[in-house]
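Hi everyone, thanks for coming.

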Amino acid sequence: MSLRKEHELHGRRYGRNLGVGLTLAAFIVIVFSLTIVKVSRGDFQVVPSEQVQN
Amino acid sequence: MTDASINASTQSQTQGYEDEASFGDYFALLKPRVMSLVVFTAFVGLVAAPVSVHPVVGFCAILFIAIGGGASGALNMWWDADIDRIMKRTKGRPIPSGKVQEGEALSLGLALSGMSVIMLALATNLFAGLFLAFTIFFYVVIYSMWLKRSTPQNIVIGGAAGAFPPVIGWIAATGSMAVEPWLMFALVFMWTPPHFWALALFMRSDYDDAGVPMLTVTHGRRATRVHILIYTALLALLAVGASFSDIGGPIYLTVAVVLNAMFLHGAWKISRRNEDDSEADNFKVERSFFKLSLLYLFLHFGAILAEAVLKPYGLGGWS
């Protein structure tokens with residue numbers, strides 16, 4: 001009887017961890033891209049009248 | 001220590017983990033097939049809006065609407081785990097098959113709901129975020145928790161949840177409401193009952209066994225066949241009528257006339273059949289009507305998309 005170092009379960013867990021990792025990486029890319037677009041379009045610029053009020 | 005004893009020890013360590021979920025099982029909780037409908041209709045709503053949206057913002061809007069739809073799917077699976085274990089169609093889902101725990105589905109659903117609503121509001125506007133939150137609430141609380149098990153009109157009213165995505169897509173683009181997205185809403189809303197009742201006809205005892213008051217269970221199969229015809233006739237009027245609105249045009253009109261004629265013909269055949277006819281050919285007409293219903297919605301929204309894409313070139317719409 002041979003010893004199975006790698007049980008099928010290990011492969012499944014690896015796949016799950018990889019999936020979570022890639023999802024998080026994709027989320028970072030999305031938030032970063034969105035921030036770049038919003039900043040370059042001036043979405044976060046303070047309107048002059050608001051500046052005066054502040 | 002012998003090989004045999006090490007093997008035995010490994011086996012004992014992995015016992016109880018055999019059914020551990022894979023990434024795909026968690027993804028399945030989000031109902032990917034329903035998500036594809038959400039993505040497509042929301043995309044059409046966003047593109048049909050009379051404003052230009054930055055591609056990155058548009059992509060994010062569709063993504064977060066899809067995640068919101070997936071989150072409500074996970075919450076639906078958490079709530080309906082008991083009846084999913086009974087129905088043949090849903091037995092293989094991650095919770096009934098024992099791969100994912102009910103609590104995990106609840107946590108995932110809640111986390112993704114919150115994340116998608118906040119991110120959609122940040123990416124587009126607060127109105128779109130709030131509308132997505134309302135849609136999730138409608139699907140999970142109004143449909144899954146309340147209507148699904150209490151009224152045979154469950155599919156009719158609950159269908160609204162699946163019809164909201166084009167409206168959210170439109171709001172994400174414009175930040176305001178208009179008549180056109182509600183026409184798209186009405187199209188999905190009126191399409192849902194005949195689509196699901198055809199499924200209920202050929203899934204036979206599934207809903208009955210689970211005690212879900214589908215029309216087939218409460219009013220009988222004859223009444224369901226008549227209901228399919230009535231709703232299809234109303235849907236045809238709406239779908240062809242929408243051709244003359246701002247989302248319509250010659251392409252849409254052609255698609256609508258052809259598809260609604262086919263759909264009405266299918267509904268008419270279903271209404272004329274009895275159970276013996278259906279049993280004899282294993283529900284061939286009902287099955288083909290169900291398949292046609294998928295194509296029906298896809299092509300109608302595809303035509304709306306085509307009209308919107310061609311409009312800037314002076315080809316789409318009636319102008």
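Let's start with B:Trp146, which you'll find in helix 7 of chain B. Helices here are DSSP runs of H or I with at least four residues, strands are runs of E with at least two, and both are numbered from the N terminus. B:Trp146 is exposed, at a relative accessible area of 53%. On that scale, buried is under 20% relative accessible area, exposed is over 50%, and partly exposed is in between, using a 1.4 Å probe and protein chains only. B:Trp146 and B:Gly158 sit 12 residues apart in sequence, and C-alpha to C-alpha they are 9.7 Å apart in space.

A quick word on ground rules. This is a predicted model, where local features need pLDDT of at least 70 and side-chain atom pairs count only at pLDDT 80 or more, while totals for chains, interfaces and linings use all residues. Residues are numbered from 1 along each chain as its sequence is written, chains are lettered from A and ligands numbered from 1 in the order in which they are written, and side-chain values use heavy atoms, with hydrogens and water left out.

Okay, back to helix 7 of chain B, residues 126-147: its axis comes within 8 Å of the axis of helix 9 of chain B, residues 165-174, and the two cross at roughly 165°. Axes are lines fitted to C-alpha atoms, for helices over the stretch in contact, and the angles run from 0 to 180 degrees between N-to-C directions. So helix 7 of chain B and helix 9 of chain B are roughly antiparallel. The cut-offs go like this: under 35 degrees is roughly parallel, over 145 roughly antiparallel, 65 to 115 roughly perpendicular, and the rest oblique.

Which residues of helix 7 of chain B meet helix 9 of chain B? They are B:Phe127, B:Ala128, B:Phe131, B:Leu132 and B:Thr135, and they meet B:Val167, B:Ile168, B:Ile171 and B:Ala172 of helix 9 of chain B. Contact, by the way, means heavy atoms within 4.5 Å. By class, the contact of helix 7 of chain B with helix 9 of chain B has 8 nonpolar, 1 polar and no charged residues. Here Ala, Val, Leu, Ile, Met, Phe, Trp, Tyr, Cys and Pro count as nonpolar, Asp, Glu, Lys and Arg as charged, and the others, Gly among them, as polar.

Helix 9 of chain B also packs with helix 10 of chain B, residues 179-202, at about 160° with the axes 8 Å apart. On the helix 9 side of chain B we have B:Pro166, B:Val167 and B:Trp170, and helix 10 of chain B brings residues including B:Trp182 and B:Phe185. By class, that contact of helix 9 of chain B with helix 10 of chain B has 7 nonpolar, no polar and 1 charged residues.

Next, is B:Asp84 buried or exposed? B:Asp84 counts as buried, at 2% relative accessibility. B:Asp84 is in helix 5 of chain B, residues 81-84, and its side chain makes a polar contact of 3.2 Å with the side chain of B:Arg93. A polar contact is a pair of N or O atoms within 3.5 Å; within protein, one must be able to donate a hydrogen and the other to accept it, and residues adjacent in sequence count only if both atoms are side-chain atoms.

B:Phe283 isn't a glycine, yet has a positive phi of about 60°, and at 0% relative accessibility B:Phe283 counts as buried. B:Asn282, in that loop too, has a positive phi of about 55° but is partly exposed, at 41%.
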